[in-house]
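These are my notebook entries on a structure I looked up.

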Amino acid sequence: MLAGGSGQRIGLSIPKQLIKIAGKTILEHTLAVFDDAAGIDEVVLMMHPGFVAEAEQVVAAAGLRRTVRVVAGGETRNATTERAIGVVAELADGRDCKVLFHDAVRPLVSHRIIQDCVEALDTYRAVDVAIPSSDTIVVTTTSGMATGEHEIITEVPDRARLRRGQTPQAFWLSTIRRAYELAATDPHFAATDDCSVVLRYLPDTPIHVVAGEERNMKVTQPIDIHIADKLFQLATSTLAEPIHPEDYRDHLAGRTMVVLGGSYGIGADIAALAEEHGARVFSFSRSTTGTDVADPASVQAALERAYAESGRIDFVVNTAGVLRIGRLAELSPTEVDEALRVNFIAPASIARAAHPYLARTGGQLLLFTSSSYTRGRADYSLYSSAKAAVVNLTQALGDEWSADGVRINCINPERTLTPMRVQAFGDEPQGSLLSSSAVARASLDVLVSDITGQIVDVRRESVPAQQRVPAAAGV
């Protein structure tokens, strides 16, 4: 992981990899991706020489599972790569191995890209990551004229053949090592990336291209910091594989789950499914137990009851919500108060009350948002803004609670057939909605996973067809 930048290009007194976005340093975000990535055994962090101690502190506090070795980088990108090759060669102890070089300031790289690079090395000796260029690229030169220097276009290459390079760049150690050995004999050697070194000094070695992603951006300019922060805010996840039904019991048997808003819809389906697989479930709602999620005392009483009767709380799920449609200026004060209290104040109060119980068991809080959180819409101002607040709450508490071993995630379901939706929208096009049971099963997958601080999408295409509301069912 190449983190040798100083931050001077964007006018900073610290390297840009130590800037915080979305609650963590850019370096932490990038390390976390590789820590969770399949096929990665160890990370060598090549840090700017003046900030090695700071990088070591970041690594120590990040709670990473894989070993991360922090090494001082060189004066240039090429010098840093050469030093990294030496470190990896020493760790490999004479064996050849796969090596990925990644910019620490690309924190949004996906597991898919990483895995594609690792697997491509089964066939190729060198691999690059690139995306098509959406802009026309021009080649220019400077022409001297009587009135001064002018930049003029000399060539417009065919855009269809052009790609924008990203990282990781991946190699067999012996290949990249040999390329740099040959480069060292060239007094005019200079390169901005490692694939160009292979291309120039090992021209008979084909460099395979793995498809990159627009999100895999490099934080280079000041505006990139704001863009990356927004992308993290809007980021959603999907679980790679649903849990096999037979495996639920291993995660749920003997555990205690509290479901708030569990009298019907998604909450009732989560409760039934968890109970089916061995969990002890306490379901609370205003209609069945008189539990008002907007009242902290009421929530505290519900949790105390569940703990008193079971001796533990492993999962807390809040599916309660209200949908008030209408122009803000025309809503009554009571409607405004209810919408804010139930849709945002309640999740925050539930989080405060649940934390002590979940800290004892290493448990998880699960909240719910809506796709409307990404943009406020007319007639949904309170609902959309509250759901956006729940997303930010989830991401913030994911950081705050990590040291306590408490997880928190948020489900973002596509339009789902629930009583609240029927009441708000009436009949909708047949076959266009998810079933609440499909969302419940995806929610259970999240509850038994190790992820935290994530906004998890549940989409119709991500669930089996039999779990969607069939076209004949209607509303």
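Which residue lies over the face of Tyr-307? I found Arg-360 there, at 5.2 Å from the ring centre. I note that the model is predicted.

Entry on aromatic pairs. I counted four aromatic pairs. Phe-101 and Phe-171 form one that is edge-to-face, with 5.9 Å centre to centre and 65 degrees between the planes. I placed Phe-101 in strand β6 (residues 98-101) and Phe-171 in strand β10 (residues 163-172), so this pair ties together parts that are 70 residues apart in sequence. Both Phe-101 and Phe-171 are buried.

I then returned to Tyr-307, whose ring pairs with that of Tyr-357: the centres are 5.3 Å apart and the planes stand at 55 degrees, so I recorded the pair as tilted. Tyr-307 belongs to helix α10 (residues 296-310) and Tyr-357 to helix α11 (residues 333-361), so parts that are 50 residues apart in sequence are tied together. I noted Tyr-307 as partly exposed, at 31% relative accessible area, whereas Tyr-357 is buried at 11% relative accessibility. I also recorded a cluster in which ring pairs link Tyr-180, Phe-189 and Tyr-201.

Entry on the surface. I located a nonpolar surface patch of about 260 Å², made by Val-138, Ile-153 and Val-156. Ile-153 is in strand β9 (residues 148-155) and counts as exposed, because its relative accessibility is 53% and the cut-off is over 50%.

Entry on Ser-437. I found Ser-437 in helix α14 (residues 436-447), partly exposed at 38% relative accessibility.

Key
Residues numbered from 1 in each chain as written. Predicted model: local features only at pLDDT ≥ 70, side-chain atom pairs only at ≥ 80, totals over all residues. Heavy atoms only, no water. Helix = DSSP H or I, 4+ residues; strand = E, 2+ residues; numbered from the N terminus. Buried < 20%, exposed > 50% of the residue type's maximum accessible area, 1.4 Å probe, protein only. Patch = residues over 30% accessible without salt bridge, like charges linked within 9 Å, V, L, I, M, F, W, Y side chains within 5 Å. Areas by Shrake-Rupley, 256 points an atom, 1.4 Å probe, with all protein chains shown as cover. Salt bridge = Lys/Arg side-chain N within 4 Å of Asp/Glu carboxyl O. Phe/Tyr/Trp six-rings, centres within 6.5 Å; stacked < 30°, edge-to-face > 60°. Lys NZ or Arg CZ within 6 Å of the ring centre and 35° of its normal.
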